[in-house]
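The following exercises concern a ligand site and one residue of a protein. Please study the sequence and the structure before reading the solutions.

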Amino acid sequence: MTQISLTVDGTQVTDDVEPRMLLVQYLREKLGKTGTVIGCDTSNCGACTVHLDGRSVKSCNVLAVQADGHEVTTIEGLATDGQLHPVQEAFRECHGLQCGFCTPGMIMQSVDLLNENPHPTEQEVRLGLEGNLCRCTGYHNIVKSVLYAAEHAGQDEKAGAR
Amino acid sequence: MIPAKFDYVAPTSIEDALSALVQHGDDAKIMAGGQSLLPVLRMRLNAPEIVIDLGRIDSLRGVREDGDALVIGALTTHAEMVTNDLVHQHALLLSKAAAEVADSQVRHRGTFGGSCAHADPAGDMGSAALALDAEFVIAGAGGTRSVPASDFFVDLFETAIGEDEILTEIRVPKRTGWGAHYEKFVRVAHQWPIVAVAATVNASEGTISEARVALTNMGSKPLRATATERALAGAAATEDGVRAAADQAAEGTNPPSDLNGDSDYRKHLATVLTRRAVVAAAGA
Ligand SMILES: Cc1cc2nc3c(=O)[nH]c(=O)nc-3n(C[C@H](O)[C@H](O)[C@H](O)COP(=O)(O)OP(=O)(O)OC[C@H]3O[C@@H](n4cnc5c(N)ncnc54)[C@H](O)[C@@H]3O)c2cc1C
Ligand code: FES
Ligand code: FES
């Protein structure tokens, strides 16, 4: 067992974990943060995307011990004071989901994308989401949601979401 | 799936990492970004007794200048390679290739050194490093040595890095102001290339004076397209000007046949992608 201390969605946590424990397992099984989901065994689908020190990562491809001393934000930490994050709003507004399984990862990746490029073109959105797979929507409304979020959110709100 | 059990150390200096490696020998596996290693461990294709995580060694990160060379820490991430100003100015090809690796999430974690050390024949960074004549600085208990890219890549998943050695940095001769392009052929998003071509070109007033071209996934390791390079010297930087040279790109190669394409198809791809890459690199 290795002791790790990190911040998850603004809360400081300390735990003993097996080195082989994946970050996504730690979030789900130790912390009960089941908002972050597992969609594949090959690190291809992006459903498990969270932010590590403000940058998107696939939490199934990071060990919990690698997050020691760092800051993790999951889909559960995006909303502030009961207010949905502008990207969450946009997905609701534009019908950016059907079954919803890919949505936590899509939203976390979209937030990262907009942090880096607040006014993306449609093509840039499609490329920026290439590591996230959706089986339902055909991506059309997901792309629309991200463009909607870019159009409707002030930059400050987005930067504050990191 | 989750990996088999292993012990874990995260040394904070190269010296400590090397002594851990010497102590555990065969039973140890080094981890950089983990983006290739963790999938391997999760599939249980490998089960090391101990993982030595280089992620806490700050001196292995970042890009600096040293005279005529750019020195890139092995742990510099693909994402940093894409945005770093020094890389842009002096080794644009590396930045272009890094932008094509995997997807945004993987680029945030995966490293230049880890990519080269992994030596997947379909890896995007190896051919870019080879085209630029990069030197790989490798540290061992007995000191460090420097291996040119042409000797570094040995075979499928095999490099010149010894069992108890660590790749610490990559030195790249500056190609300041050279145009560059990485042309990658895939069937679906964020995939490994079926074939890709790394090209960097010194061109002025519509004429190419020097070109460097390397091929990804055209054999068991990255390959230089030397016939093409020779034929490009003095060529016009236009589609027609580079066509004859690009047609020689697959010369001397023996690419594999697999589900993504057979050998002849890959050879054809190499010529087409070379033409595109060189034209784009020359800014024609
Ligand atoms: C979904 C997905 C898609 C991908 N697509 C692509 C792609 O299209 N193109 C592409 O090029 N790559 C792709 N990759 C791989 C990615 O580029 C990895 O970042 C890279 O191959 C390995 O880098 P790493 O830092 O993560 O190394 P790790 O996974 O940590 O290590 C890889 C290997 O190299 C060894 N190693 C690492 N660093 C050192 C060192 N400093 N000294 C000695 N040995 C070392 C390790 O022991 C291990 O054997 C993809 C990965 C994923 C998960
Ligand atoms: S569960 Fe992590 S990428 Fe699919
Ligand atoms: S909404 Fe069902 S997978 Fe995307």
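**Exercise 1.** Which element gives the largest share of the shell around ligand 1?

*Solution.* The model is predicted: local features need pLDDT of at least 70, side-chain atom pairs count only at pLDDT 80 or more, and totals for chains, interfaces and linings use all residues. Residues are numbered from 1 along each chain as its sequence is written, chains are lettered from A and ligands numbered from 1 in the order in which they are written, and side-chain values use heavy atoms, leaving out hydrogens and water.

Step 1: ligand 1 lies between chains A and B. Step 2: α7(B) supplies the largest share of its shell, four residues (helices are DSSP runs of H or I, at least four residues, numbered from the N terminus).

**Exercise 2.** Identify the polar atoms of chain B that lie by oxygen atoms of ligand 1.

*Solution.* Polar contacts are pairs of N or O atoms within 3.5 Å. Step 1: a polar backbone atom of Ile30(B) is 2.6 Å from a ligand oxygen.

**Exercise 3.** Is Gln88(A) buried or exposed?

*Solution.* Step 1: Gln88(A) is in helix α2 (residues 86-93) of chain A. Step 2: its relative accessible area is 13%, so Gln88(A) is buried (under 20%, with exposed over 50% and partly exposed in between; 1.4 Å probe, protein chains only). Step 3: a polar side-chain atom of Gln88(A) lies 2.8 Å from the backbone nitrogen of His85(A).

Notes. Near = heavy atom within 4 Å. Polar contact = N/O pair within 3.5 Å; in protein donor to acceptor, adjacent residues only side chain to side chain. Helix = DSSP H or I, 4+ residues; strand = E, 2+ residues; numbered from the N terminus.
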